[in-house]
Amino acid sequence: ERVAATNDLGRPSVYARVLRTAGITAADESQQGRALTDLGRSDNDFETALPGTKPAAEAALIHAGELMRAGKTGAALWICKRAVRILVAIDAGTSPELMAPCLDAYASGGLFGLGSDHADMFLAAQVAQGTITSHQIAQASASLAENARDPRIGTALRKRDELQREVDRIYRALDTIGTTATTGRAGEQVAQLQAQADQTEAALAQAEAEVRTLSPNYGQLVQDVVPASAVFAALRPGEAFVGLFLSKTSGWAFALRSGSIAIAKIDGGIGTVGPLVSAIRAGIEKTEVNALPTFDIADARRLFDMTIGGVTPAIKGPSSLVISPTGPLLSLP
C-alpha cells in the first residue's frame, strides 16, 4: 500500500526510490520474492526516470545483488554489465559492496554459457576500486593544470562540482524522508525535493557539457578505470601485473601477463585480510629504540596465499611483478 500510494506523486524517480527501499527492506526480512519484484521495478523505473546516471547504475547493482542471492546468475550478469557500462561512461565509481555480487556473476558466467569474460570482470572491479582520496587527488591535479591553461575551465569545473554537491544533498534528503512518507505534507515535501533534484540535474548536465567543450581531455586526466588491453600494452617483456579487489567479505585477484588474465577468489575479504595486515605491520615497525620486532612469517605466508597465491601459476617466470593493492593492503610496503 505504501508503494502504491507513491503513484499519486506522479514522479517516476520518487516512485523508484520508494520501491528500492521497499525491496531492500524485504531482502533484510528474507522475503526474497517481494524483494526481487520491488528491486526489479525500481531498477526499471530508475532507468526510465534517470537514464545513464549513477543512481540508475546503483539501482541496477542492488537488483543484480539480490538476483545473485536468489541463484539467478544469468539475469544478474546482464544487469551488471549494463550498470558497469553506465558507470564507465560517466567516469563514476561505486562501492565495493555493491560490485562484489557482480564480480561473482562475471566469474560464473561461463558456467551458464554466457561467456565468462575476465577482461570485463577486471574492468568492473576497477569501477569499485578507486579510493575517494585518490580520485579527489586526480581531480584536483587535473583541475589545477586545466585552469592554468584556460581559467574558463576552472570556473566551469567549480560550477559543475557545486551542482554535483547540491544534487547529492537533495538525494540524501530524499533518501531520508522520501522513502517512508508519501502522502500529506511529507508527500508534498518529497515532490518539492524531487523537483529541485530534476532542475539541478538538468543544470549539472549543462555544466558537464560545458566542461567537455572547454576541456575535451579532462575525463582522461581523472580516469580511474583502465582496460586490460591498456595494461597489456604497458607491460614490458618479463613483467606481469596483479590487481586486487576487496569488499568487506570477499575479494578477487587478477593476474595479467602475455595477453591472458587469470583470476582467483579471495575468501573473507577485508574482514580476514585486515587483521593479517595489522599483524604483519607490527612486525616491520620499531616499537622501542634500537629494537627490531619479530617479523610474522606465518601471517605473511597466509596473506600471500590468500591474496596472490591463487594466481601464482599465472605469474611464474616474469622477472618483474607490478602489484596494485587496495584497502588495508595499501599500508604494506
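**Exercise 1. A loop serine**

Is Ser 247 buried or exposed, judged by its relative accessibility? Locate the residue, classify it and list its contacts.

*Solution.* This is a predicted model.

- Step 1: find the residue. Ser 247 sits in the loop that runs between β1 and β2.
- Step 2: apply the cut-off. Buried means under 20% relative accessible area. Ser 247 has 1% relative accessibility, so it counts as buried.
- Step 3: list the contacts. Neighbours within four places in sequence are set aside. Ser 247 then touches Pro 96, Glu 97, Ala 100, Gly 269 and Ile 270.

**Exercise 2. The hairpin**

Describe how β2 and β3 pair, and inspect the turn between them.

*Solution.* 

- Step 1: get the sense. β2 and β3 are antiparallel, joined over six bridges.
- Step 2: pick a bridge. Trp 252 has Lys 265 in β3 as its partner.
- Step 3: look at the turn. Two residues separate the strands of this hairpin. Ser 258, in the turn, has a positive phi of about 50°.

**Exercise 3. The disulfide**

Which two cysteines form a disulfide? Describe the link and its surroundings.

*Solution.* 

- Step 1: count. The structure contains one disulfide.
- Step 2: name the pair. Cys 80 and Cys 102 are linked, with 2.0 Å between their sulfur atoms. A disulfide is a covalent bond between two cysteine sulfur atoms.
- Step 3: assign the hand. The angle about the S-S bond is -80°, and the link of Cys 80 and Cys 102 is left-handed.
- Step 4: Cys 80 belongs to helix α5 (residues 73–89), Cys 102 to helix α6 (residues 96–108). The two cysteines are 22 residues apart, and the pair links distant parts of the chain.
- Step 5: check burial. Cys 80 has 0% relative accessibility, so it counts as buried. Cys 102 is buried too, at 0%.

**Exercise 4. Two helix pairs**

Give the angle, axis separation and hand for α3 with α4, then for α13 with α14.

*Solution.* 

- Step 1: Helix α3 (residues 32–49) packs against helix α4 (residues 54–69) at about 155°, with axes 9 Å apart.
- Step 2: classify. Angles over 145 degrees count as roughly antiparallel. α3 and α4 are therefore roughly antiparallel.
- Step 3: read the hand. The crossing of α3 and α4 is left-handed.
- Step 4: name the contacts. α3 contributes residues including Leu 36, Leu 39 and Phe 46. Among those from α4 are Ala 59, Ile 62 and Leu 67.
- Step 5: turn to the other pair. Helix α13 (residues 269–282) and helix α14 (residues 297–307) cross at roughly 145°, and their axes come within 9 Å. This crossing of α13 and α14 is left-handed.
- Step 6: name its contacts. Residues of α13 including Val 273, Leu 276 and Ile 280 meet a set in α14 that includes Ala 300, Leu 303 and Met 306.

**Exercise 5. A helix valine and the whole chain**

*Solution.* 

- Step 1: classify. Val 127 has a relative accessible area of 3%, so it is buried.
- Step 2: check a spacing. Val 127 and Asp 91 are 36 residues apart along the chain, with 8.7 Å between their C-alpha atoms.
- Step 3: Of its 333 residues, 42% count as buried. Among contacts between residues at least 6 apart in sequence, 65% join residues at least 24 apart.

Notes:
Residues are numbered from 1 along each chain as its sequence is written. This is a predicted model: local features need pLDDT of at least 70, side-chain atom pairs count only at pLDDT 80 or more; totals for chains, interfaces and linings use all residues. Side-chain values use heavy atoms; hydrogens and water are left out. A disulfide is a pair of cysteine sulfur atoms within 2.5 Å. Helices (H or I, at least four residues) and strands (E, at least two) are DSSP runs, numbered from the N terminus. Buried means under 20% relative accessible area, exposed over 50%, partly exposed in between (1.4 Å probe, protein chains only). Two strands pair if DSSP finds at least two bridges between them. Axes are lines fitted to C-alpha atoms, for helices over the stretch in contact, and angles run from 0 to 180 degrees between N-to-C directions. Angles under 35 degrees count as roughly parallel, over 145 as roughly antiparallel, 65 to 115 as roughly perpendicular and the rest as oblique. A crossing is left-handed if the near helix is turned anticlockwise from the far one by less than a right angle, and right-handed if clockwise. Contact means heavy atoms within 4.5 Å.
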